[in-house]
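Here is a friendly walk through one protein model, meant to be read with the structure open beside you.

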Amino acid sequence: MDIKQEFEQAVADSKNLDERPDNETLLQLYSLYKQAKEGDLTADPPANTFDFVAKAKYQAWAALKGKSANDAMTDYVALIKKLKG
């Protein structure tokens, strides 16, 4: 199975985890997914400084700048495997 197939399976598996991951892990999953699917973040930061969720997502994704799609997919798959136990 190649990394893209593993990634798609991990995305499907993420919806059926036994426990909901904590917020920090959810941010990590979000940013790895976005980096894998879309590459480096190109959008402007959220305009509303009180939208803490949008700000956290923006910062998490921006922190992965330069990470290749394959590396992001590999990290996402590894994190889902860890969460599954």
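## About the model

This is a predicted model, in which local features need pLDDT of at least 70, side-chain atom pairs count only at pLDDT 80 or more, and totals for chains, interfaces and linings use all residues. Residues are numbered from 1 along each chain as its sequence is written, and side-chain values use heavy atoms, with hydrogens and water left out.

## The nonpolar core

Let's start inside. The largest nonpolar core has 13 residues, and those touching the most other members are Phe 7, Ala 10, Leu 29, Leu 32, Ala 36, Tyr 76 and Ile 80. A nonpolar core here is a set of buried Ala, Val, Leu, Ile, Met, Phe, Trp, Tyr and Cys residues joined through side-chain atoms within 4.5 Å. Buried means under 20% relative accessible area, with over 50% called exposed and anything in between partly exposed (1.4 Å probe, protein chains only).

At least two residues of this core come from each of helix H1 (3-14), helix H2 (23-38) and helix H4 (69-84). The most come from H4, which gives six residues. Helices are DSSP runs (H or I, at least four residues), numbered from the N terminus.

## How H1 meets H4

The axes of H1 and H4 come within 9 Å and cross at roughly 40 degrees, which makes H1 oblique to H4. Axes are lines fitted to C-alpha atoms, for helices over the stretch in contact, and angles run from 0 to 180 degrees between N-to-C directions. Angles under 35 degrees count as roughly parallel, over 145 as roughly antiparallel, 65 to 115 as roughly perpendicular, and the rest as oblique.

Where the two helices meet, H1 residues including Phe 7, Ala 10 and Asp 13 face H4 residues including Met 73, Tyr 76 and Ile 80. Contact means heavy atoms within 4.5 Å. Leaving aside neighbours within four places in sequence, Ile 80 is in contact with Ala 10, Asp 13, Ser 14 and Leu 29.

Phe 7 lies in helix H1 and counts as buried, at 1% relative accessibility. Beyond four places in sequence, Phe 7 touches Tyr 33, Ala 36, Lys 37, Met 73, Tyr 76 and Val 77. Phe 7 and Ala 36 are 29 residues apart along the chain, yet their C-alpha atoms are separated by 9.1 Å.

Gln 35, found in helix H2, is also buried, with a relative accessible area of 1%. Its side chain makes a polar contact with the side chain of Trp 61 (3.1 Å). A polar contact is a pair of N or O atoms within 3.5 Å; within protein, one must be able to donate a hydrogen and the other to accept it, and residues adjacent in sequence count only if both atoms are side-chain atoms.
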